[in-house]
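Hello! Please open the viewer beside this note and follow along, point by point.

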Amino acid sequence: MKINNTIKENLVKYLDELIKKEKEKVTLISAYDLGKDDLESLFKIIPSLRNSQLAIIIDKNVFAGVIIKVGSKVIDLSLSGRLKNLKNAIHEIN
Amino acid sequence: MDQLGIDIKQIIAQMINFVLFFVIFKKFIAVPFSKFIDEEKEKEKETNAALARVKMDEEHLISKQVQLKEEIKKELEEAMKEAKKEAAALKNELMIEAKNEAEEIKKKGKSQVEDEREKLNQLIKERMVDLSVAIVNKAFKNYLDEETKKNITKYILDNLAKDVVYEN
């Protein structure tokens, strides 16, 4: 099936934009609503977050700390994540 | 002579009769008869000889039979001895084989038990870890208040976050 070149180009452009938006989208998952101080501390560590679109999700299972999702990348700074790492480390030792 | 009752003509006739009879008897009866008797005697001799031979053969055969029986008995006894020896040897061999097999099975069993024990220990350790983590999770859920959560978050962001971010 032959597709019109113009339509093809437009589709590629549209998909590229979607991917870019997805990459720029940042999701913060924490156990409580993060305050300005918390966000500032976060921006000090990852300055690029300052200009990004932030979406904050409250999840009690995190206990404390924060999980940062940037596109497909996940940075786990939560207490539950630390506990999981500890569990895996102990399993590896055994 | 007539007065005595002796008839010479009759006597002569009788004598001639007797001589004739004698000649005829000798020629036609006595000789074949004696031949026949001789033949019969010969036959009897041969029969007796054959009988004697048969008897000898029979005795010979009987003695051979006895000898063969003795030989068979001896061979049988020897075969029995051999068989008993072989059976004893086989029995020993089987006993040794059975012992070795039993030892092997015992060893295998022991090592299996050890492996199982190791696996069980490992499993128990893993379960203990899982249980401990679950208890800690539960404790965090129930006992962490908002203030403590904020303090922990601040601590993580101030102290630990840099290492994690750089690693990633």
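The points below go from the whole model to single residues.

1. **How to read the model.** This is a predicted model, in which local features need pLDDT of at least 70, side-chain atom pairs count only at pLDDT 80 or more, and totals for chains, interfaces and linings use all residues. Residues are numbered from 1 along each chain as its sequence is written, chains are lettered from A and ligands numbered from 1 in the order in which they are written, and side-chain values use heavy atoms, with hydrogens and water left out.

2. **Confidence.** The model scores ipTM 0.73 and pTM 0.53. For chain B the average pLDDT is 91, and 93% of its residues score at least 70. Here pLDDT is the predictor's confidence in each residue, from 0 to 100.

3. **The build of chain A.** Chain A has 3 helices and 4 strands, and along the sequence they come in the pattern α-β-α-β-β-β-α. Helices (H or I, at least four residues) and strands (E, at least two) are DSSP runs, numbered from the N terminus. Of the 94 residues in chain A, 32% count as buried. Buried means under 20% relative accessible area, exposed means over 50%, and partly exposed is in between (1.4 Å probe, protein chains only).

4. **The build of chain B.** Now turn to the other chain. Chain B has 2 helices and 0 strands. Of its 168 residues, 6% count as buried. The accessible surface of chain B is about 15,700 Å², and 61% of that belongs to carbon and sulfur atoms. Such areas come from the Shrake-Rupley method with a 1.4 Å probe, and for residues only the protein chains shown count as cover.

5. Is A:Val66 buried or exposed? At 1% relative accessibility, A:Val66 counts as buried; its place is strand β3, residues 65-70. The C-alpha atom of A:Val66 is 4.7 Å from that of A:Ser78, although the two are 12 residues apart along the chain. A:Gln53, in strand β2, counts as exposed at 60% relative accessibility. Its C-alpha atom is separated by 6.9 Å from that of A:Glu24, 29 residues away along the chain.

6. **A residue with a positive phi.** Most residues other than glycine have a negative phi. A:Phe63 is not a glycine, yet it has a positive phi of about 70°. You will find A:Phe63 in the loop between β2 and β3 of chain A, and at 4% relative accessibility it counts as buried.

7. Side chains of opposite charge can pair when their charged atoms come close. A salt bridge is a side-chain nitrogen of Lys or Arg within 4 Å of a carboxyl oxygen of Asp or Glu. A:Lys87 is partly exposed at 27% relative accessibility, and B:Asp130 is partly exposed at 26%.

8. **A salt bridge inside one helix.** B:Asp158 forms a salt bridge with B:Lys154, and their closest N and O atoms are 3.2 Å apart. Because B:Asp158 and B:Lys154 are 4 residues apart in helix α2 of chain B, about one helical turn separates them. Both residues count as partly exposed: B:Asp158 has 32% relative accessibility and B:Lys154 has 46%.

9. **One more helix residue.** Finally, have a look at B:Glu39, which is found in helix α1 (residues 8-143) of chain B. With a relative accessible area of 47%, B:Glu39 is partly exposed.
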